[in-house]
Amino acid sequence: MTKMVLNAVGRAIPTHIKGMGDLTPFKGAFAHTPGPMNMTPRAAWHKPGQSKMTETIRQALENCGLADGMTLSFHHHFRNGDHLVNMVMDEVAAMGVRDITIAPSSLQSIHEKLIPHIRSGVITGIQTSGIRGEIARVLSTENLLKTPIIIRSHGGRPRAIESGDTKIDIAIIGAPAADAFGNVNGVEGPNACGSLGYAIADATCATHTVVVTDYLIPYPACPVSIPQTLVDYVVVAEGIGDPQGIVSGATRITRNPMELLIAEKANEAILASGLVQQDFSFQAGTGGSSLAVAHFLRQHMRENNIKGSFASGGINGYLVDMLEEGLFRTLMDVQCFDLKAIESIRKNPNHMEMSASYYANPHNKGCVAHQLDVMVLSATEIDVQFNVNVITGSNGIIMGASGGHCDTAAGSKLAIVVAPLFRGRLPIVVDQVTTVVTPGESIDVLVTEYGVAVNPARTDLKDRFRENGLKTVEIHELKERAEKVTGKPTKPVVTDEVIGLVEYRDGTIIDTIKKVVE
Amino acid sequence: MKQLRRTMLFVPADHPGMMFEAPVFQPDCIIFDLEDAISLKEKDSARNLLVEALKAIDFGNCEVFARINPLYTPFGEKDVRRLVPAGLQNFRLPMTESPEDILRLDQLLTALEKEHELPRGELKILGAIETAKGVINAPAIATASPRLIGISFGAEDFTRSMTTERSQTGEELFWARSHVVLAARAAGIDAIDTVFTALGDEEGFDREVSMAKQLGFSGKSVIHPSQIKTVHRIFTPANDEIIHAQRIINAMHAAEANGSGVIVVDGKMVDSPVVLKAQRVLDLAKGANLLPGGGEA
């Protein structure tokens, strides 16, 4: 039996996993000192006239020397319109290769087609930010992989790749547009998705990089997100993406009155923090209340003639409007959420593409997340220690993604979680979250429709709120209020089998995900 | 403290989630609707749900009403008979056309007060005037019962009864609105303006709420939580109004203390209607918790 130790958020963590090696338990947001980097860019050579064009995905994989036990990486800018992961893994299976670890930056419900490859042993390891849909349910309820899934944040993933923790043998780059020499951009073609921020570490560090596109453009592509210097092979293949699943037309502010109410309260808290001044920086998720916070903040910025320095993260049309209105000087974009954002990153030099490492990796020489003033976050659950879960449902089944949650929470001056007190019959504020993704020490404020709770560690913030007339409640009061209606939530029934490890951004293990008994 | 009725939020009584969430938006009043929002086959189950909700939900400072079905339907009396023992005190009577409609409900409530040993007169009525006949009879309706805390105007049915349509500018409602509010104020009770259904038209809503306030209404019925903030903003006195009103009242107290009948503010004499208006501003401010401790400024 593997030895277990308690980490800094009180979760029992195995010290060793067979096939993975020793694990380091989470010690605190900035307590872990990284070891020396061991990733060395591979030596490469190219002769004039040598073509990179390859007829098929299969041929490209063969050229890369695909073999049992390798790691293949993918990026998720095609979101739920991504056919490429499925196409490549079908090919891998057809080639008779087994024991592959896939390292996509995220998996969506469309990837349920991988389930047969998992069952047959073609895929035996998964490293990703999140998993949704049927594939998540199957992985949560059946112990199918040789080693547990590793859940990584958007900053933790490039950290793992750049440090050599994850050694990518073949990076598959789904390219909205590419030239025959491997220059890639995300702003042209039917599958335009804008920023290619998540794919950059893969292309940089993989032993082989294969670009797959359905939109070959004349050399040289312009602009270039992933340059020819990193690319081994280019394949033209039809049907790699479905534009319908890639982007929406325009992201709109929610009309849900509860989400708006929570956003308005969050905005009041943000203003009371005193951080909204000239050149402040801001990030918010695109979901319900998070984006609506930007809407309320926008009114305040207009009325008080405040211009922010940057907004970052996943970028949508609403933030583009704020850029174009002069309310932010720059957008720093790891992922475009809608057509308006794609159009903006294409034409506006103040809308910058950033790699996931530049965005959130704690082990480079400075990431954007560490420059953030205000970060608005969501939560599937938050506990009385302010620990946040965004990966599993209260039933224990994986249903979300770590994303940039723990990165931006750790980096920002004010990390504010917006969440309703109830979702359906379930309370959101609980004694202990099902899975810790972001440690409570990084979360400063929780805003619900029933009140604003400040992390007791932030006495300075509590004082400032009081001075500015913002009423607060204790998080325990919110929990009790919720439980009065819902009763104590029941914990999911799980076995001892660890099917997932939630890695903190620094590579330590903050929690495990156990196999759920349905 | 003056009970504010700036907003009356309609909530269909067959949506447990919406019923539970309604107080969070802090309307002054919540009206659980058993009438138009509930289909005929759902009348009984919605009533049952409301009875349970009244026992279970914490409504905070919101004044709770039910819009019962008219008493001439098979549902109205059943609504009242079930809701009184569940603790409901305020009944909005739709389609009120005559003082007799109010008296019929009054008599039922009197009987139920006796039956359930409730203090006499505790149960209140808000009469909803929604037809041409109701508007004509508004003065008589407004004085029909001491249980009446207000009358409301409903434009949707009213325009139907007038064989016209609601317009953006509202000329077709102007006389009726004025008549209803005049009747209410003459009777010393509240007047509540009709709903505004074009949810996306924020400017139009702002305009209509301002007009309702200007005409003398106490508040407005609202159909969506997003409308509450606008109504409260318009119906709540601004800071400088409150400060000015407080100075007038202070001057009145000073005059009383000096045994003087003359109230002077900024060197000018202030007469009695001005004092009464100032008192109303302070009442509204108190009700909206804008005065420290809910008391004197």
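Guide: The buried residues of helix 5 of chain A are A:Gly156, A:Arg157, A:Pro158, A:Arg159, A:Ala160, A:Ile161 and A:Glu162, where buried means that 20 or more other C-beta atoms lie within 10 Å of a residue's own, against 12 or fewer for exposed and the range in between for partly exposed, with C-beta atoms placed from the backbone. This is a predicted model, in which local features need pLDDT of at least 70 and side-chain atom pairs count only at pLDDT 80 or more, while totals for chains, interfaces and linings use all residues. Residues are numbered from 1 along each chain as its sequence is written, and chains are lettered from A and ligands numbered from 1 in the order in which they are written.

Helix 5 of chain A spans residues 156–163, and because 7 of its 8 residues are buried, the helix is largely enclosed by the rest of the structure. Helices (H or I, at least four residues) and strands (E, at least two) are DSSP runs numbered from the N terminus. The buried residues of helix 5 pack against helix 6 (200–205), helix 12 (356–360) and strand 28 (494–503) of chain A. After helix 5 of chain A comes A:Gly164, which has a positive phi, near 90°.

Chain A is assigned domain 1 (52–246 + 498–504 + 510–516) and domain 2 (249–487), with bounds that come from an automatic or database domain assignment. The C-alpha centres of domain 1 and domain 2 of chain A are 28 Å apart, and 39 residues of domain 1 are in contact with 39 residues of domain 2 in chain A, contact meaning that two C-beta atoms, placed from the backbone, lie within 7 Å. On the side of domain 1 of chain A that touches domain 2, at least two residues each come from helix 4 (133–141), helix 5, helix 6, strand 28 and strand 29 (509–516) of chain A. By class, that side of domain 1 of chain A holds 16 nonpolar, 15 polar and 8 charged residues; here Ala, Val, Leu, Ile, Met, Phe, Trp, Tyr, Cys and Pro count as nonpolar, Asp, Glu, Lys and Arg as charged, and the others, Gly among them, as polar.

From the domains we can turn to the core. A nonpolar core is a set of buried Ala, Val, Leu, Ile, Met, Phe, Trp, Tyr and Cys residues joined through C-beta atoms within 7 Å, and the largest one has 230 residues, with A:Ile170, A:Ile173, A:Ile416, A:Val417 and B:Val180 making the most contacts inside it. Helix 8 (residues 257–272) of chain A gives the most to this core, namely 9 residues, and at least three residues are drawn from each of domain 1 and domain 2 of chain A. Leaving out residues up to four places away in sequence, A:Ile416 touches residues including A:Ala266, A:Ala269, A:Ile270, A:Val445 and A:Val447.

Two of these lead on to a pair of strands. Strand 26 (residues 445–448) and strand 27 (residues 451–454) of chain A run antiparallel and are joined by 4 bridges, where pairing requires that DSSP finds at least two bridges between two strands. A hairpin links strand 26 to strand 27 of chain A through 2 residues, and A:Leu446 stands opposite A:Ala453 of strand 27.

Another sheet in chain A is open, with 3 strands in the order 21-20-25 and mixed pairing. Strand 21 (388–389) and strand 25 (429–430) of chain A each have a single partner strand and stand at the edges, so one side of each is left without a neighbour in the sheet. Strand 20 (residues 381–383) and strand 25 of chain A pair in the parallel sense over 2 bridges, and the bridge partner of A:Ile382 is A:Val429 in strand 25.

Finally, the contact between the chains takes 6 residues from chain A and 6 residues from chain B. The side of chain A that touches chain B has 5 nonpolar, no polar and 1 charged residues.
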